[in-house]
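The exercises below are meant to be worked through with the sequence and the model side by side. Try each task before reading its solution.

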Amino acid sequence: MDLLAGAPVKASFIERSIEGLSKGLSFAALADASAHAQTGLLQRVDPRVKVAGVFTLIVAVAAAHSLLAIAAVLLLALTLAIASRVPAASLAKWVWMPVLLFSGAIALPAVFLTPGDRFPGLPVTAQGLRAASFLLLRAETAVSLSSLLVLTTRWAHLLKALRVLRLPVVFVVILGMTYRYLFLMLQTALDMFESRESRTVGVLDPADRRRLASATVGVLLSKSYQLSSEVHLAMQSRGFRGEVYLLDEFTTRGADWVWLTVFLAVAAAAAWVGR
Amino acid sequence: MHIPDGYLSPSTCAALYAGSTPFWYASLNKMKRRLNTQAVPLLSVFAAFSFVIMMFNLPLPGGTTGHAVGMGITAIVLGPWGSILAISVALAIQAIFFGDGGITAIGANCFNMAIAGSLVAYAVYRVIAGGSAIESSRRVAAAAVAGYCAINVSALLAAIEFGIQPSLFHDASGAPLYAPYPLHIALPAMMIGHLTIAGFAEAIVSGGVVAYLQRAEPALLKPTAPGAALPGESAGWAGTKPLWIALAVLLVLTPLGILAAGAAWGEWMPADFSSPAARQQMTAASSNQAPPAQAPAGLQKLSAIWTAPMPRYAPSVLKSPQFGYLLSAMAGAGLIVLAFLAGAWIFSRVRR
Amino acid sequence: MFRVENVVFHYNTVTALDGVSLEIAEGKRSVLLGANGSGKSTLLRMLDGLCFPESGKISFRGDAIDQASLEHDEFAHTFRRRVGLVFQNPDVQLFNPTVLDEIAFGPLQMRWPKEEILRRVEAAMATLEIAHLKDRPPHRLSGGEKKRVAIASVLVLDPEVLLLDEPTAALDPRSQSQIIDLLIGWGGGKKTVITATHDLGLVEDIADDCFLMQQGKLVAHAAPAAILKDEAMLRAANLIHEHRHAHPSLGMHTHPHTHRT
C-alpha cells in the first residue's frame, strides 16, 4: 500500500505531489467511512482486542516458515474483510496492487538469482521461487491485516487501544495530535501546490523548480512552528501542565473475549504449523 | 526505503526495536526537560510536517523526481532529539495507518531513518557549518551535505539489514525466508539509487529549505547554530560531542551485531554483475539507474585489502569476501562523507 | 476583576502594547475594540496568563498574574478553571482526535472524577447543540461547528470569565448570530465576558463596556453607544473608512463603512 508510488512519469512534480497528497486524504476518508459502518463484523469488536489480535497475527506471519500457514492467515483476513463489509475493490486498489507492484518487483529477480536446484531447461531455482513467494505472501498478508484493523476501527479508538501494547500515554497523545494536524498540513500543502500550479505558465527551468519546491517546504515549516506554539497556548489555557490524561471508554463484552481467543489461537496455530 | 513486513526476520525486528527504545526514551526525556509543556505540541506538529514532506515529489537534476525523508531539515530545525521523535512518530503513523512500511519493521525503519538519519544529519551539519554566520552560504552547503549523508547512512543500514537475512534465515533447502538478496547484491542495489537519486532529493530539501529560512525566518536556524553569533569561533565540535559518541557507538555496534549473530557467511557466490537477472533487479531497486556491467574493481580490491591482513586464527566469518564487502562499503561511505566535507570546506573558503 | 497597569510588550521589534492601563468590571460584558495590530489579542492572552508583560502588572481579583504565580500548581489550577479563552482560529484549539476528547480535555486536566467529567461534557454538548458530533474528528467539522466545539471545550469548565478572540470571524451569518445569542444568554447574562474584536456590529450586540485600542495604546473607554457615535475616532482607529458606491435612487455617494467579518 505504498501511497507514494505509481504517479505517471510525465506529470510535473507539482502534479505528482498533489496526487500523492490527495491520495493520502482519500484513503483516510475511505478508512473513516468504512470504520463507521455499523453492520460490519469487526467494527463491533473491542478495539483493544483487535489491536492485540491483529498485531499477534502479523508477528505470527513474520515468524511462520510455512507458505501454507501464511496463506491460511491471508484467507482468514480476506474472510474477515468480507464479513466486515470492506469493499474488495478498494482493498485491491489501496492494498494488494501497490504491494504487488513494489514487493513483486523486488521479489522477481530472486527467482533467478537464488542458488539452488534448477528446474531443467529453466533459469529458475526451486529455492528462488520459494524465497520470492515468502516475500510477497508475507508482505501482502501483513498489510491486509493492518489495513483490516484500520478499515474497521475508528482512528480515535485505535489510538487509545494502542495502550494495550504498553505504549506510554504521551506517545499515544502525540500520535493522536500528529494525525489531527496531518490533515491540516496536507490541506495546506495541497492548497499551496494548487495555487502555484495555477500561477505557473509554461515550463519552469530546473533550478526554479527546485527553488519552488524548497520554498514550499520552507513555508510549511514556518507554519508548523506558528501552529505548534499556538496549540501549546491553547493547551495551557485549558489547564495543561505537561501531564496528559486520556478518557478511557472501552467496555469488553463476552464476545470480545471469544474474539481474542480466536485471534490468539490462529496466531499460535500459524506459528506452530510453520515453525 | 520504508521496509515492509516480511523483509526482516522477527529476531532482526526485535533487535532493532530494542536498539531504538533507548534513543526514544532519551530523546523524550531531553525534549521534556528542555521544552517542558511545549514538547507535546511541537513534536506532534513536526511529525505531521515530516509526514507531509515524505509525500512531496521533488524535482531532481536530470529531469527525474524523487522523495525525501526530511531528516536533514528536521534535525537542523529541531535538533537531533526532536527530529528522532518527530520522524519516528511520522513513520509509525505511516506504518499503522497507511500501510507504508511494516508494523514489525517500525523499529527498523525508525532506527535507520529517524535515529541514525537524524544523528548523522545533525552532526554533519554542525561540523561543516561550524561557527559560520546564520546567513552564510556555508550553512546551505552544510545542510545539503548533511541531508545527503543522512539518507545514505539510512540506506546503508537498511541494505545491511536486508543483506544479512538470507545467510541467517533460510529453510532446510537453502531458500531464504525473508529478504532474499545477500549483502553483495543488497548493498549495491540500495546504494546506487541512494548515492544518486534519493541522496540528491534529501540534499535539495535540506539545502533549499535552509536557504529559504535564511531569507524568510533566520530565527528558526538559530537554536542549532549557537556559535553563529560569534564569527570565526568554531563551535562545531564542542557542542556535538555527545552526538559523535552516539554515532560512533552506532557504527561500532553494526559490525559487532553481525558478528554476534554468528552469521554463516559464504553460502552465496559473489555478485554476478554480468547476469542479466541480477542487473535487472539492481536496476529496479535503484530507480532505473543501470548498474555497471562489471563488479566494481575497486570494491573487490578493497575487500581483498580487508581480508588479507586478517590473522589466521580469526573466525572464518571475518575472512569471507562478504564481510569484506560490507566493511569496504562502510569505509567507502565514510570516504564519500569525508570528500564532501572537504569539498564543502573548500567551497566555503572560495566563496568568501 | 482584572486590573492592568502600564503594560508594555514587544514581538521582536514590533510594539504590541505600549503602556496600557485599564480595569475590567466583574459581571459585565466588555469589548476590546481595535483594528488588526492594535494589541487587543495580545492583551487578551495576557489576561489568560499565556504571555506576560515586559513591564507593568496584571492582576486577577488582587492576585498577580505572572510567570511565578502560574508556576504554582494550586494557583494555576484554580486560575485555569476560572478563566477560559476561545482562540480566534479553532484549528489551534481543537487538537484532540474527537469532539468528545476535545471537550473532556480541560476537565481531565482538572483531575475530576470520570462520572463528573462525562456529566459535564454531556451538558456542554447539549448547550451548544453538538451532541451529534461527539465522535467526529475535528478535521471533518464545518467552520461553525468547529467554533461551537471550541466554545464548549471552554464552557465545560464552567469558568467565571470568558475571553473571546474575534468569536465571529470567518463564520457564515447564521453561525454568527447563533454564537452571539449564546454569549448573551450564557450564565444568565451575569458572567464576565471579554471580547476582542474589530467588528463594530458585535459591540452593538453584546457590549456593556467598550475599550478602544489603537497601535498598542488605549485611546478610549466609554459606553458602546458613545464610542460607536464618534466617527472621527473610529476612523482614526482604522475601524471604518469612506466607501464610495452607487445607490439606484441617490446616485453615487460616500458614507462611513464598517466591515463585519
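**Exercise 1.** What percentage of the 261 residues in chain C do buried residues make up? Find also how the extent of chain C agrees with that of a globule.

*Solution.* Keep in mind from the start that this is a predicted model. A residue is taken as buried if 20 or more other C-beta atoms lie within 10 Å of its own, and buried residues make up 45% of chain C. Along the principal axes, the C-alpha atoms of chain C fill a box of roughly 65 × 45 × 35 Å. Finally, among the contacts in chain C with a separation of 6 or more, 64% are between residues 24 or more positions apart.

**Exercise 2.** Describe how strand 1 and strand 2 of chain C are joined.

*Solution.* The secondary structure of chain C comes to 11 helices and 12 strands, and two of its strands are taken up here. Strand 1 (residues 2-11) and strand 2 (residues 14-24) run antiparallel and are joined by 8 bridges. His10(C), for example, stands opposite Thr15(C) of strand 2. The hairpin has 2 residues between the strands, and Asn12(C) takes a positive phi near 50° in it.

**Exercise 3.** Which element of chain A gives the most residues to the side that touches chain B?

*Solution.* Start with the contact itself, in which 79 residues of chain A meet 68 residues of chain B. The elements that give two or more residues to this side of chain A include helix 1 (13-36), helix 4 (88-113) and helix 8 (206-237). Of these, helix 8 of chain A gives the most, with 20 residues. By kind, the residues of this side divide into 52 nonpolar, 19 polar and 8 charged.

**Exercise 4.** Is helix 2 of chain A largely enclosed or largely open? Go on to the largest nonpolar core.

*Solution.* Helix 2 of chain A has 17 residues and reaches 24 Å from its first C-alpha to its last, close to the 24 Å expected. Because 14 of these 17 residues are buried, helix 2 of chain A is largely enclosed by the rest of the structure. The largest nonpolar core has 271 residues, and those with the most contacts inside it include Ile58(A), Val61(A) and Val89(B). Helix 7 (residues 183-216) of chain B gives the most to this core, with 21 residues. Leaving aside residues up to four places away in sequence, Val89(B) touches Ile174(A), Leu175(A), Thr178(A), Leu43(B) and Ala47(B).

Terms used
Residues are numbered from 1 along each chain as its sequence is written. Chains are lettered from A and ligands numbered from 1 in the order in which they are written. This is a predicted model: local features need pLDDT of at least 70, side-chain atom pairs count only at pLDDT 80 or more; totals for chains, interfaces and linings use all residues. Two residues are in contact if their C-beta atoms, placed from the backbone, lie within 7 Å. Helices (H or I, at least four residues) and strands (E, at least two) are DSSP runs, numbered from the N terminus. Ala, Val, Leu, Ile, Met, Phe, Trp, Tyr, Cys and Pro count as nonpolar, Asp, Glu, Lys and Arg as charged, and the others, Gly among them, as polar. Two strands pair if DSSP finds at least two bridges between them. The radius of gyration is taken over C-alpha atoms; the globule rule is 2.2 Å times the number of residues to the power 0.38. A residue is buried if 20 or more other C-beta atoms lie within 10 Å of its own, exposed if 12 or fewer, and partly exposed in between; C-beta atoms are placed from the backbone. The expected span of a helix is 1.5 Å times one less than its number of residues. A nonpolar core is a set of buried Ala, Val, Leu, Ile, Met, Phe, Trp, Tyr and Cys residues joined through C-beta atoms within 7 Å.
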